Amino acid sequence: MGLEIVGDLALNVILSGLGPKDTAKVACLSKRFKAAASEECLWSKFCSDDLDLASPLDPLGNPAPSFKAAYQIWREAFGMYPWPLVKRVKRCWDRLKNWLAENFPEAKATLRKGASEADIQQLEKSLKVKLPVPTRILYRFCDGQECQTDDFESIGAMGLIGGYSFYGHLVNVYLIPLSHIIMETKEIRRHLDFPGRDKYVVVAFSSTYSEKFFFLNCTNGQLYVGTKNLLSDGEMIPCVPNALIALGHGCNSDQQQDGMLLWLEEHGRRLHNGIIRLRDEENLKFINLFPEEPPLCSIAVTNGVKIRASAVFIPELADPESDTEKYLFAYSIRMSLLPEGCVINGMTFSSCQLQRRHWIIHANNVVVSDVSGEAVIGMYPLLHPGQNEFFYQSCTNLPASPGSVRGSFTFVPGRLADPKGSPFEVVVAEFPLQRPDYIF
């Protein structure tokens, strides 16, 4: 008796609750169970639950004959890895790819198909390393990006990780393919001179003239970024909290997570939640690493003038051994006039123009800088309702972290050359300067 008396619909419900592995076992019990366990609707559910597949596709995106066949292909392709970890890595890549497809399809087009086990083994043999399991799976899903040239103006800035610019310092970070990891790692190892350097491989770098390198330590699984002293002292900073990294022995632990996986998951979370966004500057699109949402971005409105302000840590110019310039932060200021215009004491003005700035900078609750001056980066922006934000970037050194910036701008209603009223102060709400747990 038992399951033999259960109706077909009820049997389907039971099997769907058992999951793929136990369903395959039940299929061995009888012809009826084998037929029930082969139902396409059942394997469609398994593919959806485990792999978020809406159609039967193999790991390279090619059509499979059925959902059951697709599921079997996936399991065979990743059979050497813990299945829960494979599913987690796929979710990580799906989130990144879905965001790119919706917001930045040009960058999505640079993502390469997954590498093969042979490709990974070739890298490990060439560089004499053993990649952590999570990173191996990450590259099985996507072999980085098609690397671009330094012709930034013509190719745009399509790095998956994104970047920033200030005072001519231009950074845009790409995730590089295995073939470039071999090439770049061999090249930079020739310039590094510190014990254990052979454990590190380059996994991401800026495609611009401003150098920024990310290294994976294949022994402890941490991801590092080079500082100002990288080439002279081999100095690097961890990019994710050490306490979160967990590497198992071999490939049997499904709880493994290395720096690369944690880093990309956090990057996907920030993109998905709008903390960082795509910026389009003079037809140049790129992922902008300046935070756009509180609490990392401050927002204040005074008399119709809206100011958004945030900062990003610049690891490649940091000097952790310095007493006065240990940390460098770039900050982005974005100002706009609300649709109702500039409103002062009940009077409305159709424009206002910046005249002066005032900054108070703290480090560990101590004022380290209190400066005032005319203009911002030599400019006096004139704001009108409905116009795009005026924005600019600047930077400041800090001897310690955390820190913060607050201040104000002085505007005049109308124009500086033709003021319509008295100057007024516009608040810049305090925003943090702090070395983050995750460094990009």
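Q: Which residue takes a positive phi just after α13?
A: It is G274, with a phi of about 75 degrees. Keep in mind that this is a predicted model.

Q: How many residues does helix α13 have, and what is its reach from first C-alpha to last?
A: Start with the general idea. An α-helix has 3.6 residues a turn, so residues three or four places apart point the same way. Now the case here. Helix α13 covers residues 259–272, which is 14 residues. Its reach is 20 Å, close to the 20 Å expected at 1.5 Å a residue.

Q: Why is α13 described as largely enclosed by the rest of the structure?
A: Count its buried residues. A residue is buried when its relative accessible area is under 20%. In α13, 11 of the 14 residues pass that test, so the rest of the structure largely encloses this helix. Among them are M260, L261, L262, W263 and L264. The buried set also includes E266, H267 and R270.

Q: What span does helix α6 reach, and what is expected?
A: Helix α6 runs over residues 83–103 and has 21 residues. From first C-alpha to last it reaches 30 Å, close to the expected 30 Å.

Q: Which residues of α6 are buried?
A: They include W83, W93 and W99. L85, L96 and L100 are also in the buried set, as are R88, K90 and D94.

Q: How many salt bridges does the structure hold?
A: First the idea. Side chains of opposite charge can pair when their charged atoms come close. The structure holds 22 salt bridges.

Q: Which residue forms a salt bridge with K45, and where do the two lie?
A: The partner is D49, and the closest N and O atoms are 2.6 Å apart. Both residues lie in helix α4, residues 40–51. They are four residues apart, about one turn of the helix. K45 has 35% relative accessibility and counts as partly exposed. D49 is partly exposed too, at 49%.

Q: What does R136 form with E117?
A: The two form a salt bridge, with the closest N and O atoms 2.8 Å apart. R136 lies in helix α9 (133–141) and E117 in helix α8 (117–127), so the pair ties together parts 19 residues apart in sequence. R136 is buried, at 6% relative accessible area. E117 counts as buried at 16%.

Q: Which residues are linked with R136 in a network of salt bridges?
A: The network links R136 with E117, E124, K130 and R140.

Q: Where do R308 and E389 lie?
A: Their side chains meet in a salt bridge of 2.8 Å, N to O. R308 is in strand β10, and E389 is in the loop between β16 and β17, so the pair ties together parts 81 residues apart in sequence. R308 is buried, at 9%. E389 counts as partly exposed, at 28%.

Q: What is the strand order in the open sheet of four strands?
A: The order is β9-β10-β11-β17, with antiparallel pairing. The edge strands are β9 (297–302) and β17 (390–398), and each pairs on one side only. From one strand to the next, the twist averages 20 degrees.

Q: How many bridges pair β10 and β11?
A: Nine bridges pair them, in the antiparallel sense. Strand β10 covers 305–313 and strand β11 covers 327–337. K306 stands opposite S336 in β11.

Q: How many residues lie between β7 and β8 in their hairpin?
A: Two residues lie between these strands. One to spot in the turn is E282, with a positive phi of about 50 degrees. Strands β7 (277–281) and β8 (284–288) pair in the antiparallel sense over five bridges. E281 stands opposite L284.

Q: Which residues lie on each side of β4?
A: F213, F215 and N217 lie on one side, with F214 and L216 on the other. All are buried, and both faces are covered. Five of five residues of β4 (213–217) are buried, so the rest of the structure largely encloses this strand.

Q: Which strands pair with β4 in the antiparallel sense?
A: Strand β3 (200–206) pairs with β4 over five bridges. There, V201 has L216 as its bridge partner. Strand β5 (223–226) pairs with β4 over three bridges. Here F215 stands opposite Y224. In the hairpin of β4 and β5, G221 takes a positive phi near 80 degrees.

Q: Which residues form a nonpolar patch on the surface?
A: Y167, I377 and M379 form it, with about 320 Å² of accessible area together. M379 is in the loop between β15 and β16. At 40% relative accessibility, M379 counts as partly exposed.

Notes
Residues are numbered from 1 along each chain as its sequence is written. This is a predicted model: local features need pLDDT of at least 70, side-chain atom pairs count only at pLDDT 80 or more; totals for chains, interfaces and linings use all residues. Side-chain values use heavy atoms; hydrogens and water are left out. Two strands pair if DSSP finds at least two bridges between them. Axes are lines fitted to C-alpha atoms, for helices over the stretch in contact, and angles run from 0 to 180 degrees between N-to-C directions. The expected span of a helix is 1.5 Å times one less than its number of residues. Buried means under 20% relative accessible area, exposed over 50%, partly exposed in between (1.4 Å probe, protein chains only). Patches are made of residues with over 30% relative accessible area and no salt bridge: like charges are joined within 9 Å, nonpolar side chains (Val, Leu, Ile, Met, Phe, Trp, Tyr) within 5 Å. Accessible areas come from the Shrake-Rupley method with a 1.4 Å probe; for residues, only the protein chains shown count as cover. A salt bridge is a side-chain nitrogen of Lys or Arg within 4 Å of a carboxyl oxygen of Asp or Glu.
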